Amino acid sequence: MEKTLVLIKPDAVERNVIGEIITFYEKNNLKVTNLKMLKASKDTAERHYEEHKGRPYFEELISYITRSPLCALVIEGEDAIAKVREINGSTDPEKASKNTIRGNFALSKTENSVHASDSRENAEREINIWFETESTSNFSIGNLLLGNV
Ligand code: CDP
Ligand code: MG
């Protein structure tokens, strides 16, 4: 079993497709084990994308990812890291196949609807960034029912 971090990015939340996107993962036998919606701070966005610092698109990326709320999810399943990236599709929507999330929803290379971790190390790092105060080892619904979030 693996865990990975998914972001449903602002362009997708703005266009009311959170549910359609989550359905792609669920239909592929992957489980949402934690989720929340928030407007990312500049600091969180820069930590998340720290390996892109200095790239020509970095400032545009940070301004996009912080402009309106996003949805952060922990997704769990066998081979979840690779599977989720396959379901998301290519970074560039023009190269993403039509049965992927980006092939369906992405608007541009920057506004490409979803993020997913690319390795176990980054999955752990990113889950800690977005869910740093919470336990992600159990189903959140238990925590929610207990009001313990
Ligand atoms: O998200 P993914 O791992 O597929 O792509 P990345 O190369 O790690 O880039 C991270 C994010 O930066 C992308 O998802 C885009 O939102 C953005 N990006 C961009 O705006 N312009 C580029 N030329 C490359 C990436
Ligand atoms: Mg990446």
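1. Of the 149 residues of the protein, 49% count as buried, where buried means under 20% relative accessible area, exposed means over 50%, and partly exposed lies in between (1.4 Å probe, protein chains only). This is a predicted model, in which local features need pLDDT of at least 70 and side-chain atom pairs count only at pLDDT 80 or more, whereas totals for chains, interfaces and linings use all residues. Residues are numbered from 1 along each chain as its sequence is written, and side-chain values use heavy atoms, with hydrogens and water left out.

2. The protein has 8 helices and 4 strands, and along the sequence these follow the pattern β-α-α-β-α-α-β-α-α-β-α-α; helices (H or I, at least four residues) and strands (E, at least two) are DSSP runs, numbered from the N terminus. Among contacts in the protein with a separation of 6 or more, 78% come from residues 24 or more positions apart, a contact being heavy atoms within 4.5 Å.

3. The largest nonpolar core has 20 residues, and those with the most contacts inside it are V6, I8, I21, Y25, L73 and I75. A nonpolar core is here a set of buried Ala, Val, Leu, Ile, Met, Phe, Trp, Tyr and Cys residues joined through side-chain atoms within 4.5 Å. Elements that give two or more residues to this core include β1 (2-8), α2 (18-27), β3 (70-77) and α5 (80-88). A second, separate core of 17 residues includes L5, A40, Y49 and I129.

4. Which residues does I8 touch, not counting residues up to four places away in sequence? I8 touches V13, I18, I21, I22, L70, C71, L73, S113 and V114.

5. The count of salt bridges comes to 8, a salt bridge being a side-chain nitrogen of Lys or Arg within 4 Å of a carboxyl oxygen of Asp or Glu. One of them joins the side chains of D11 and R15 (2.5 Å, N to O); D11 counts as buried at 1% relative accessibility, while R15 is partly exposed, with a relative accessible area of 35%.

6. The side chains of E50 and R125 also meet in a salt bridge (3.5 Å, N to O). E50 lies in the loop between α3 (42-48) and α4 (58-65) and R125 in helix α7 (residues 120-130), so the pair ties together parts that are 75 residues apart in sequence. E50 counts as partly exposed at 44% relative accessibility, and R125 is partly exposed, with a relative accessible area of 25%.

7. Finally, E14, R67 and E111 are linked in a network of salt bridges.

Key. Chains are lettered from A and ligands numbered from 1 in the order in which they are written.
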